[in-house]
Structure formats: C-alpha cells, structure tokens
Amino acid sequence: MKFFDNATGFFIADPSVNPLKDANPSRKEIDESLKGYILSASGWRAVFAESKDEEDRTSSVSPADRVITATIARAFVKYLSRLRPRVLLGCDARPTGEMLCDIVARILIALGCEVTNLYISSAPEIMAYSNAGFDAFFYISASHNPIGHNGFKFGYRGGVCNKEEVDSVIPIFMEMIHSEDAAAVARDLSANMDIDAYMEVLMKHDVAKTAAFDYYKAFVMRIATANKLFSIPFGIVAEMNGSARSAFVDIPYLNRMGAKVWAVNAYPRQIAHAIVPEGENLELCRKTLETLHRNDSDYILGYVPDNDGDRGNFVYTRSDGKAYILHAQDVFALVSTIDLAHQVMTGDSSPAIIVNGTTSYRVDDIAARLGVKVFKSDVGEANVVTLADRVRRAGNQVHVCGEGSNGGIITHPARVRDPMNSIMSIAKLYSIPGLYNFLLGKLGVKRTKTVSLEAIIDALPKYTTTPAFSKDAVLRIRCADFDALKLAYEELFLSEVESHMTDGIVRWEARQYEGTEETVGFGPEYRKENSTGGYKIVFYDKDDNFVAYIWLSKSKTEPVMRVMADVKGVNPELHDKLLSWQRTLVQRADEKIGN
C-alpha cells in the first residue's frame with residue numbers, strides 16, 4: 001500500500017517495497033562511499049545522488065549509501081541505549097530524502113523504536129516539536145549544501161547533539177559499518193521489520209504534521225516573548241526556493257500574524273537556484289520585493305531560507321524605493337541588536353550573547369553600547385548552544401546566540417536558528433512601544449516618530465567582513481593534518497607579521513577555538529593535540545581598540561578550508577589586503593607540508 005503526504009501529494013513510502021532488499025554492495029563499494037562522508041556535530045553529510053554529481057536532482061541512492069544510511073540509524077539507536085525510545089523522524093525537501101527517510105524509518109522500527117514520521121519538515125519545526133515528549137529526533141538533511149548532497153542530524157530536546165555526543169556515536173557507527181556483515185544486517189533488519197507497525201506510523205503522518213505545526217506556532221510566539229496583540233504589520237516576500245519551510249509552515253503562520261505575504265517558489269522541491277541563501281541567490285527575492293514595493297509600500301522585507309529552513313537571509317527596501325540584500329553578518333547584527341535592546345529595555349540583569357569565532361566584531365561593538373557581555377565558541381551551532389547553557393548556569397541571561405557568518409539568531413529556548421525568529425525580532429520594532437527609539441538612542445542616533453528599518457540598519461556600526469560563502473572565503477588544500485597546517489601557518493605568520501603592522505595596527509594576539517573554548521595564546525601549547533578548531537589573529541591599535549582580525553578553519557560540513565577577514569569601518573582596502581595575505585599564508589603552509 002502506497003502512502004502519500006496530504007499537504008504536498010508526494011509519495012512517502014510503500015511498506016511492502018523494501019529499498020534494502022537488493023542492496024548488496026561489496027566491501028570496496030562501501031569503503032569508497034565512506035571516503036566522501038563528513039561526520040561532525042554540524043551534520044553527517046555526503047553526496048547521496050547515485051551519480052555522485054552534487055548538482056544532480058535524482059532521487060536514486062546507491063546500494064552502498066543505502067547500507068551506510070541503515071547503519072547510521074543502527075548506531076543512533078545503540079547510542080540512545082533506551083528501551084523502545086520515542087523518535088521523531090523527518091527530512092528536508094531534497095529528492096534523495098524520500099528513500100533515506102524510508103530506510104531510516106524501517107531500521108528504527110525494526111530496532112523497537114516508537115517512530116513519528118513528519119516526512120518533509122523544516123529543521124526548526126522538527127527540533128521544536130522534539131520537546132513534546134520525544135526521546136530524540138533523527139533529521140535527514142544537508143542544510144545549505146547543493147541539491148545532490150544529503151545527511152543526518154540527530155539530537156534531543158530541541159537541539160543537535162554536541163561534539164562530545166557526536167564523537168560517541170562515530171566509533172559505534174565505524175565498528176558497525178566496517179563489519180563484514182554490515183550489508184546483511186541492514187537487509188535482515190529491514191526484511192524482518194513489522195510491516196503493520198510501519199503502516200500505523202504512515203497512517204498517523206498527517207495528524208503528526210498538524211500537531212507539529214501547532215506546537216511550532218506556539219513555540220515561536222513564546223520565543224519572541226510576544227503577547228496576543230503582537231503582530232507583523234508589514235508585507236513580506238517569502239521566496240522559499242522549494243525548501244522544507246514551504247511544507248505547511250511559514251505562509252499560514254505569517255498570515256495568522258497579520259503580515260501580507262507574497263510567496264515565490266513556495267512548493268517543496270520547487271528549487272529555482274542554488275540552495276545557500278547568499279549573494280546572487282537572493283536576487284530573485286530582491287527583484288520581487290522591489291517590484292511589489294513600487295505598487296504597495298507595505299512590502300518592506302523579503303527572505304530566502306536554505307533547504308532545511310534553519311538558515312535564512314534577507315532583503316529590505318529603502319527610502320529610494322529600491323530593495324537591497326543584507327549579508328549574513330548584517331542580518332545577525334540587526335536581529336541580535338533588536339533582541340538585546342529589548343532585554344536591556346525591560347531590565348534584564350547580566351544580559352549576555354554567545355557567538356562563534358567568525359562573528360564580526362560589530363556585535364562586540366554593539367554589545368558594549370548596550371552593556372551586554374559577549375562569549376565566543378568555535379564554529380558550529382551545537383558549540384554555541386552548549387556554551388549558552390553554561391553561561392546561563394553561571395548567572396547570565398542569554399536570550400540570543402548564534403553564528404554571525406550564517407545569519408539569523410538562535411533565540412532561547414530554541415536551540416536552532418530560524419528565519420521566523422528573525423522576522424519576529426524585526427517585528428518587535430513595530431509592535432513593542434518604545435523599543436525603536438530606545439535602540440536608536442543606544443546607537444547614538446536621533447529619534448524619529450515613524451519606525452524605519454532603514455534607520456536602524458544605517459545606525460549599526462560599520463564593519464567590512466568577508467561573506468562566508470564568497471569564493472575568496474574558500475580554499476581547497478591537500479593537507480589532511482590540520483594541526484600540522486597550523487604549525488606551518490604559525491611559522492610563516494611570525495616571519496611576516498611585522499611587515500603587516502600598518503594602518504594603525506601596533507599589536508596582535510592569537511585566539512584559538514575548540515568546541516566551547518576560546519583560548520588566547522599563540523602556538524601549539526594553547527590548543528589540544530590534533531586540534532580541529534578555528535584560529536583567529538586579532539589586531540589592535542595604540543589605544544588597544546580592535547582594528548581587524550583574520551581567521552582560518554576547517555569546514556565541518558564541506559571538504560574545504562574557510563578563511564576570512566573582519567575590519568572596523570568601511571575599509572575594503574585593508575580588508576582585501578589582510579584577506580589576500582591570509583589566503584597566501586594558508587596556501588603556502590599547505591605547500592610546505594606537502595613538500
């Protein structure tokens with residue numbers, strides 16, 4: 001019997017058709033597929049399109065990847081170590097998600113899990129609903145990666161497992177997948193699964209989706225600390241790019257909150273451009289907003305999510321009638337500033353914000369004006385959220401945290417960023433009396449009678465920062481030993497730094513990151529052995545004020561190195577000079593090790 005999703009009409013599964021039945025890959029085929037996997041707290045990812053073309057929109061998955069998927073589900077259940085755990089399952093809108101979700105559901109049921117299958121759902125939706133009595137969630141997604149990719153995130157109580165927890169699952173998986181009977185175990189479990197139990201899960205799918213949506217709506221309101229009179233009194237372009245957010249989440253919610261909504265590509269898998277919501281991928285949204293605003297001035301904001309819907313970046317209109325793109329760092333600075341100002345205005349004691357090491361120092365600048373403490377972790381949502389928990393236990397009030405390089409904020413008690421929370425933060429300027437002018441005052445700008453998003457954006461401190469997904473921010477290197485690369489990098493840096501002490505720079509310091517820890521110090525003695533964390537050099541002027549930083553890190557979700565620069569003020573010349581130097585340092589360190 002075939003089951004379909006009521007909201008989209010998409011096929012979910014047929015319990016009588018087993019996708020693992022004929023999956024009998026060789027040991028060599030499994031090992032070859034494993035080479036393409038990245039396993040981290042940010043997600044376990046690979047190219048799942050059978051062709052291994054990352055832009056392939058096929059739904060076909062190779063036998064080796066089917067067996068690997070089943071084994072990941074087995075490792076996850078063993079890690080949970082619970083009797084009949086309640087597991088919430090879902091996937092983003094990628095074509096391969098259909099088969100992967102079917103495989104995972106079968107293995108979970110075969111291993112005694114009580115499964116609720118949301119099928120296509122956004123990351124914020126499934127993670128929020130996981131608070132409703134579930135022991136864990138298993139989410140199939142590759143977030144912002146290209147369409148042929150896919151992967152797995154798992155966690156509990158609204159957030160993904162942290163690095164230590166993921167590091168506990170990896171050896172379980174590795175032992176299982178390197179066993180000679182890995183494929184046979186996957187086939188046997190799937191073949192012996194209780195078909196009636198699976199049919200019951202699929203029959204309850206539509207009810208589960210409605211319950212998850214209702215829970216999510218209430219959760220967003222609670223996160224925004226909004227009362228019943230709170231509204232979104234402006235028009236929004238929702239350019240969904242076929243993401244999971246288009247499946248029964250955003251449009252009904254925004255309409256309910258009073259917003260005018262113009263939806264574009266608002267059907268799952270209606271993918272019109274590259275997935276990551278950066279740069280040119282926001283152009284369709286920008287042009288649509290500009291056209292709408294010309295005829296209806298209520299339309300002032302637009303946004304584009306990635307495929308799983310946790311990342312979302314924005315465009316907005318200005319008084320010249322044109323629409324402009326907000327870069328990810330600008331989005332994070334804007335929405336975090338609004339929320340921090342709300343905290344301060346309402347009298348929170350010891351307010352604090354948690355950010356990652358690649359967040360622009362613009363946020364430090366803003367926090368200083370508001371009297372807010374700033375704490376920093378390594379890159380990775382789980383690191384930021386875990387550090388926020390620790391800082392709260394120490395007596396600070398952390399309402400927002402996040403990764404500036406990725407855009408939107410993570411708003412407590414949520415443990416994942418969500419463009420809907422960013423929209424709600426912007427709406428606070430219009431719905432919370434006094435907040436707009438309170439914030440303008442803190443930013444040193446003359447107050448006005450009419451709320452203007454443009455005025456707030458213009459009042460934010462100016463910084464010149466490398467966009468995380470620009471071509472200049474990415475390097476492909478040969479070295480697989482990141483610790484050795486850092487040693488070579490440090491040697492080159494020391495030999496050249498004096499020649500770069502210009503533009504008001506009089507001193508520098510190194511800041512090294514690992515998980516939730518930020519350590520000030522240069523050299524291997526300030527990091528753990530085999531360190532995989534980020535590395536930052538911060539430059540200061542004669543008065544010990546921040547001038548700039550340069551950064552390098554190994555991506556946890558893609559086989560690349562990321563580099564960037566952040567400079568105080570509108571100073572593209574210094575930014576480009578520092579970024580170019582950083583790129584050559586990393587490239588020459590890589591060549592040095594290779595030779």
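How far is the sulfur of C101 from the closest cysteine sulfur, and in which residue does that sulfur lie? The first view below has the answer. These close-ups come from a predicted model, in which local features need pLDDT of at least 70, side-chain atom pairs count only at pLDDT 80 or more, and totals for chains, interfaces and linings use all residues. Residues are numbered from 1 along each chain as its sequence is written, and side-chain values use heavy atoms, with hydrogens and water left out.

**View A. C101 and its cysteine neighbour C91.** The two sulfurs are 4.4 Å apart, too far for a bond; a disulfide here is a pair of cysteine sulfur atoms within 2.5 Å. C101 has 2% relative accessibility, so C101 counts as buried (under 20% relative accessible area, with exposed over 50% and partly exposed in between; 1.4 Å probe, protein chains only). Searching the whole structure turns up zero disulfides.

**View B. C401, another cysteine in no disulfide.** Its nearest cysteine sulfur belongs to C161, 17 Å away. C401 is buried too, at 3% relative accessibility.

**View C. Strand β12 (residues 299-305) and its partner β10 (residues 235-239)**. Seven of the seven β12 residues are buried, so the strand is largely enclosed by the rest of the structure. Strands are DSSP runs (E, at least two residues), numbered from the N terminus, and two of them pair if DSSP finds at least two bridges between them.

**View D. The hairpin of β12 and β13 (residues 312-317)**. These antiparallel strands share five bridges, and Y303 has F314 as its bridge partner. Six residues lie between the strands, and G309 takes a positive phi near 80° in this hairpin.

Technical notes. Helices (H or I, at least four residues) and strands (E, at least two) are DSSP runs, numbered from the N terminus.
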